[in-house]
Amino acid sequence: MTRCRDRQEALDCTLLFIAQQGWLRTGKPFLDSLVEFLGRTLDVAYVLVDELLPSGSRARSIALYANGEPAHNIEYDLAFTPCENVMNKRLCCYPDGLRERFPEDALLVQMKAESYMGIPLWDSKGVPLGLISVTIGGRIDDAIMRVMDAIVLFSALLIAVALADAIGN
């Protein structure tokens, strides 16, 4: 996997990847390949797919890409994180100043995160299963935001199906 030359090519490459890989792989293998592909293609620090735990107040990553490679999954409290806003059933984008907006999120400080975009993933009944998000060490410019917005929205259904498969839902 290599970085695409420009943002339009990144969108084209990602949609092609999802169309091809979404039918070849399912569940966790698809999610693992997706987060790595997005991380490398968009040249971002972190991409993750989380499942919402039964308590509704915690999440656990199912697939995590961190600083250029697949990483061990994590579990965390949603309170006072940007992911908490995503789980309230809406796309969230913070193009800059992320740590200032969420000062109680120690993980964001550790990650040196400056910007974030995430969208919830639902099952067929509209029940939240989890989320997919991208975290960046720099500012998200308008071009990156448009591409990530399109990528996340176009791929959300397929990712939700893979997440449901991965967690046995």
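Colleague: What makes Y94 count as buried?

Modeller: This is a predicted model, so every value here is computed from it. Y94 has a relative accessibility of 12%, and the label buried applies under 20%, so Y94 counts as buried.

Colleague: How many aromatic pairs does a search of the whole structure find?

Modeller: The search finds 2 aromatic pairs. In one of them, the ring centres of Y94 and F102 are 5.2 Å apart and the planes meet at 85 degrees.

Colleague: Why is the pair of Y94 and F102 called edge-to-face?

Modeller: Two values decide it. Rings pair if their centres lie within 6.5 Å, and Y94 and F102 are at 5.2 Å. Planes over 60 degrees apart count as edge-to-face, and theirs are at 85 degrees, so the pair is edge-to-face.

Colleague: What makes the pair of Y94 and Y116 tilted?

Modeller: Y94 and Y116 are 6.3 Å apart, centre to centre, with 40 degrees between the planes. Stacked needs under 30 degrees and edge-to-face over 60, and the rest count as tilted. Y94 lies in strand β5 and Y116 in strand β6, so this pair ties together parts that are 22 residues apart in sequence. Y116 counts as buried, at 1% relative accessibility. Y94, F102 and Y116 form one aromatic cluster.

Colleague: Now the cysteines. How many disulfides does the count come to?

Modeller: The count comes to 0 disulfides. A disulfide is a covalent bond between the sulfur atoms of two cysteines.

Colleague: How do you know that C83 is too far from C92 for a bond?

Modeller: For C83, the closest cysteine sulfur is in C92, 9.1 Å away. A disulfide requires the sulfur atoms to be within 2.5 Å, so C83 and C92 are too far apart for a bond. C92 is in no disulfide either, as its nearest cysteine sulfur, that of C93, is 8.8 Å away. C83 is buried, with a relative accessible area of 6%, and C92 counts as buried at 4%.

Colleague: Why is strand β2 described as largely enclosed?

Modeller: Of the 9 residues of strand β2 (residues 58-66), 7 are buried, so β2 is largely enclosed by the rest of the structure.

Colleague: What makes β1 and β2 a pair of strands?

Modeller: Strands pair when there are at least two bridges between them, and 7 bridges join β1 to β2, which run antiparallel. For L48, the bridge partner in β2 is L64. Between these strands the hairpin has 5 residues, and G56 there takes a positive phi near 80 degrees. β2 is also joined by 3 antiparallel bridges to β4, where R60 stands opposite E75.

Colleague: Which residues touch the most other members of the largest nonpolar core?

Modeller: That core has 28 residues, and L31, L34, V49, I132 and I159 touch the most other members. α2 provides the largest share, 7 residues. Beyond its neighbours within four places in sequence, L31 has contacts that include V49, I62 and I159. A second, separate core of 20 residues includes V86, Y94, F102 and A113. In soluble globular proteins, nonpolar side chains tend to be buried together.

Methods
Residues numbered from 1 in each chain as written. Predicted model: local features only at pLDDT ≥ 70, side-chain atom pairs only at ≥ 80, totals over all residues. Heavy atoms only, no water. Phe/Tyr/Trp six-rings, centres within 6.5 Å; stacked < 30°, edge-to-face > 60°. Buried < 20%, exposed > 50% of the residue type's maximum accessible area, 1.4 Å probe, protein only. Helix = DSSP H or I, 4+ residues; strand = E, 2+ residues; numbered from the N terminus. Core = buried A, V, L, I, M, F, W, Y, C linked by side-chain atoms within 4.5 Å. Contact = heavy atoms within 4.5 Å.
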